[in-house]
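Biologist: I am new to this one. Please show me the structure, then let me ask about the terms.

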Amino acid sequence: MKAGRILLALILLIGSVGVLTTGKVMYARFLYLSVLLAIGSWIWTRWAVRGLQVQRSARVQRANVGDVFEEKFNISNDSRVMVPWLEVMNQSLIPFAAGSRLFTYLSGHHKQSYLARTWLTLRGGFVLGPTRVSTGDPFGLFSASKVIAPERTLVVFPIIFEIKSFVFPPGLLPGGQVIRRKSADITPHAAGVREYVHGDAMKRIHWPTSARRGHLMVKEFEQDPQAEIWLYLDSQKDVHYAKPYQLEEIPIEMMMFKKRPKFKLPPATLEYSISITASLSHYFIGQRRAVGYVSAGQTFIVHSAEHSERQEAKILETLAFVEANGSLSIAALVAVQASQLPQGSSVILVTPTVRPDLIHAVDDLQRRFLRPVVVLLDAETFGGVRGTQNLVASLRERRVPVVIIKCDADLPQALSIVPTTINSQEISRWQEPILSH
């Protein structure tokens, strides 16, 4: 029981016993004092908590795993009575969410603000709230709280590693193969002109040719002749593994002045696969390559190949919510969607599978004149089953570049290694361009 309530109970007891036994006025005053004190404290508490408001604001609503998320809390006391103590509880589901504070005094019609920094360790979408604010009366008799509903959501993207170069299949020219396929969209690659048909956009009219021939002519376009990059993420439930892992909370002192702690990926094949896919997407879009994405976790998702920053944002937002609960194998994933890819495109398969499905997927891609690259996670190092080396041998027999990723590997370095079992003259790399001075 609170000390204030114990004191109030003693005063009430003394007053009641004194009035009943002696009838003196002094004991009656003790009795009245205890009743008035209880009523006044209760009213004070309710009045104070009703005037408390909390506003949370952040400059960004998108961040990456490993970032330090900064949020500003503004607490205002809109009532006339002072608040002797105030507790703010951040009830957001973000792991190790910061922002909970305890204040000892806040006068009427005054405000208080502070910054909270949270180290983001888990991808996904998180509601910034709710926020519970509690206070009480000066005598410590009563306390009350109110819950302020959340207004914003933070989306945490997977961590992105900076890749300097990446291997691609033998025989693939840097510029890709010319695709003689008409495009309904306007591209930088004009294929010719034809007569105007009702419904054609005015911006497609080629005015010099129209003036020369005496009737309207419109431009035709071909698809981008650069080979597309397609990222296939294997999210089948039965092929992913994870070691037991518990992330330790980082002391708030380490995050002062926005210092970013060093983040280490959890020892789980899904988290490694997602970060690899995000890093490759960032790398190739930075190279101005058209990147597409396919996965079948909760739902079957396809992002058509584009080379804009908006495409990277779409892929990262999808990866933020991917879970390993799909039923399609990597071979089934390829069979469903690979027929839509233009010939000469490169397909990067990111998977931890040890099943022959991967070989079937690679054979299917090669039959379609597509160029597969496999980023294969060594399942055994993640606490899974053996079989990765057998798949690697079969893939290398088919002259397919394979990048092997082990648990606790340095991902930027591991993704840049050229397989030594394949002739280096037959394999090139996607590299960042070197600017001449």
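Modeller: Questions on a sheet, some helices and the nonpolar cores follow.

Modeller: This is a predicted model, where local features need pLDDT of at least 70 and side-chain atom pairs count only at pLDDT 80 or more, while totals for chains, interfaces and linings use all residues. Residues are numbered from 1 along each chain as its sequence is written, and side-chain values use heavy atoms, with hydrogens and water left out.

Biologist: How do you know that strand 2 and strand 10 pair?

Modeller: Strands pair if DSSP finds at least two bridges between them. Strand 2 and strand 10 (residues 153-157) are joined by three bridges, so they pair. They run parallel. Arginine 62 is opposite valine 155 in strand 10. Strands here are DSSP runs of E, at least two residues; helices are runs of H or I, at least four; both are numbered from the N terminus.

Biologist: What makes strand 2 and strand 7 edge strands?

Modeller: The open sheet has three strands in the order 2-10-7, with mixed pairing. Strand 2 (62-64) and strand 7 (124-127) each pair on one side only.

Biologist: Why are helix 4 and helix 5 called roughly antiparallel?

Modeller: Helix 4 (residues 269-286) and helix 5 pack at about 180°, with axes 10 Å apart. Axes are lines fitted to C-alpha atoms, for helices over the stretch in contact, and angles run from 0 to 180 degrees between N-to-C directions. Under 35 degrees counts as roughly parallel, over 145 as roughly antiparallel, 65 to 115 as roughly perpendicular, and the rest as oblique. Helix 4 and helix 5 are therefore roughly antiparallel.

Biologist: Which residues of helix 4 and helix 5 make the contact?

Modeller: Contact means heavy atoms within 4.5 Å. Helix 4 gives Ile274, Thr277, Ala278, Ser281, His282 and Ile285; helix 5 gives Gln311, Glu312, Ile315, Leu316 and Leu319.

Biologist: Where does helix 5 lie relative to the strands?

Modeller: Helix 5 (residues 309-320) lies across strand 2, strand 7 and strand 10, at about 100° to strand 10.

Biologist: What makes a nonpolar core?

Modeller: Buried Ala, Val, Leu, Ile, Met, Phe, Trp, Tyr and Cys residues, joined through side-chain atoms within 4.5 Å. Buried means under 20% relative accessible area, exposed over 50%, partly exposed in between (1.4 Å probe, protein chains only). The largest core has 50 residues; Phe166, Ile276, Leu280, Ile348, Val375 and Ile405 touch the most other members. Helix 4 gives the largest share, nine residues. A second, separate core has 27 residues, including Leu358 and Leu365.

Biologist: Which residues of helix 7 are buried?

Modeller: In helix 7 (residues 357-367), Leu358, Ile359, Ala361, Val362, Asp363, Asp364 and Leu365 are buried.
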